[in-house]
Amino acid sequence: MGIKHTIQKRKVINLSITAFFAVSVLLPILSMFTRITPEAAGELVGSRQFTEAVYNSLTTSLTATVISLILALLAAWCLERTAMCLKPVFRMVFVVPMLIPSISHAFGLVTFFGANGLMTNLFGLDNGIYGFWGIVVGSVIYSFPVALLMFSSILRYEDGLPYKAADVLGISKASQFAAITLPYLRKTIIAVFFSVFTMTITDYGVPLLIGGKKTTLSVLMYNKAVGMLDYGTGSTIGVILLIPALAAFFVDILNPENGQNSFVAEPVNPSKSKGRDLISLIFSSFLGLCVLLPVFAFCIMVFETKYPSNPEFTLYHIEKTMNRGAGEYLLNSLMYALLTGIFGTVIAFLCSYMTARMKGRFVRGLHLLSMVSMAIPGMVLGLSYVIFFSGTSIYGTVIIVFLVNSIHFFASPYLMMYNTLSKVNENLESVGLCLGVGRMRMIVDVIIPKVKYTLFEMFGYFFVNSMMTISAVSFLAPPAPKPVALMINQFEAQLLMESAAFVSLMILIVNVLLKGFVLFLERRFTTQ
């Protein structure tokens, strides 16, 4: 009787999870395809505007991807393969761009290098940074931290014995890099390339603000779907934007690990080298300064009477922004972030537990379903939700906003927990069953305490990204309470640059505090 009850319970759970992913991912995407007509698609693809948008998207994204990949690899090498000082500081500085919306980076660049920017006036530049290089620079700042974390994490866990053997054999450092490091990083380089390319080609925040006359596919989709409510054309562009994301997804699935998760007999401990460490420190300092440029811009604009003509200190812009509802919108964002963090963490933990700790055909399918969101850009997901959920009871409510955020950012937290649970002793549940301890009791009393740090990281990931996202929610927020990040677009359109800067600063402060709180919890539980 007990076994039958367990089997039935598992079937109910399997069906519930399948239904959840069908309603929240598969059906919305399929509904977007139904809005595409051959006439509209042919008219769009044959237009000069579309051709230029494709060209601009490919050239800017490829350029930004290559630059970001090179800078991230060099920065990760400085952090993991040198003995330079201030490493903890640089680790924090380099990830700051992940804590603010992409449009904020473009906004910061406009502040310094725009038509009336500080550097533009100081050096007498003619046209500012608008156009191709503006999109590239903004995209590099936006995507660099993701590439850095991917390279840094894999370099940190490389086995050091091959390098010791190479030193004994008298093999040069250059030959060691070519023969040992590059093959080890092959899969990561491919994954970083596709991840960064997908991020940059589907982002509309940077090109919308700093692109000038260079219209990209993401901006064209935003203008059609949000500005003109032309969902047919928007869906056509959305399907096109799915192509690089799906390519990245299948490359990651089909490309085997090649030993990156093998046993580490001895970690790589870099020796001190004054020349190398000094060069690394200079490079990291310059890169850190470039990364923090947008943040400097926010601080300057918020507290100056009129940037750049009147540098007198003032709190007027803060007061004006708060009077326009920024405080209320911030509370809305905190609500969405908390709901997304809680709901997303629970669902991601449940899915990762089933895929990492159970067996069966359903488990393999669930693993792929859990990573599907990785292949769906936020704008595409948002538009698909508009089409699919329009007219339902949850459309225009708080529920649909935190649901789309949970799905949008689901894959990374899921993989965090999946990898963690895969390393936990696989016999724990069997031992518990022999002792008469149920699976749920084992999860609560044994599994969760072992993975609590990953749970903190998952919640933080959902929270931070929910606070700063503007891609999917820009389609779905009204008439639901508007997130504060959408005020950046609103203020920029009204030429209220100081207010837009203050909103960006608010988001950064909240996310930094959340990151600090998560770190505090991790250290507190470590000392107990």
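## Exercises on helix packing and rings

In this predicted model, F349, Y353 and R357 of α15 meet R439, I443, I447 and I448 of α21.

**Exercise 1.** Find how helices α15 and α21 are oriented to each other, and classify the residues in their contact.

*Solution.* 
- Step 1. Locate the helices. Helix α15 covers residues 326-357, and helix α21 covers residues 439-450.
- Step 2. Two packed helices are described by the angle between their axes and the distance between the axes.
- Step 3. Read them off. The angle is about 100 degrees, and the axes are 14 Å apart.
- Step 4. Name the orientation. Angles from 65 to 115 degrees count as roughly perpendicular, so α15 is roughly perpendicular to α21.
- Step 5. Sort the contact by class. The contact of α15 with α21 has 5 nonpolar residues, 2 charged ones and no polar ones.

**Exercise 2.** Classify the aromatic pair of F132 and W133, then state how exposed each residue is.

*Solution.* 
- Step 1. Start with the whole structure. A search finds 18 aromatic pairs.
- Step 2. Take the pair F132 and W133. The centres are 5.0 Å apart, with 90 degrees between the planes.
- Step 3. Apply the cut-off. Planes over 60 degrees apart count as edge-to-face, and this pair of F132 and W133 is edge-to-face.
- Step 4. F132 is partly exposed because its relative accessibility is 23%. W133 is exposed because its relative accessible area is 52%.

Note on methods: Residues are numbered from 1 along each chain as its sequence is written. This is a predicted model: local features need pLDDT of at least 70, side-chain atom pairs count only at pLDDT 80 or more; totals for chains, interfaces and linings use all residues. Side-chain values use heavy atoms; hydrogens and water are left out. Rings of Phe, Tyr and Trp (its six-membered ring) pair if their centres lie within 6.5 Å; planes under 30 degrees apart count as stacked, over 60 as edge-to-face and the rest as tilted. Buried means under 20% relative accessible area, exposed over 50%, partly exposed in between (1.4 Å probe, protein chains only). Axes are lines fitted to C-alpha atoms, for helices over the stretch in contact, and angles run from 0 to 180 degrees between N-to-C directions. Helices (H or I, at least four residues) and strands (E, at least two) are DSSP runs, numbered from the N terminus. Angles under 35 degrees count as roughly parallel, over 145 as roughly antiparallel, 65 to 115 as roughly perpendicular and the rest as oblique. Contact means heavy atoms within 4.5 Å. Ala, Val, Leu, Ile, Met, Phe, Trp, Tyr, Cys and Pro count as nonpolar, Asp, Glu, Lys and Arg as charged, and the others, Gly among them, as polar.
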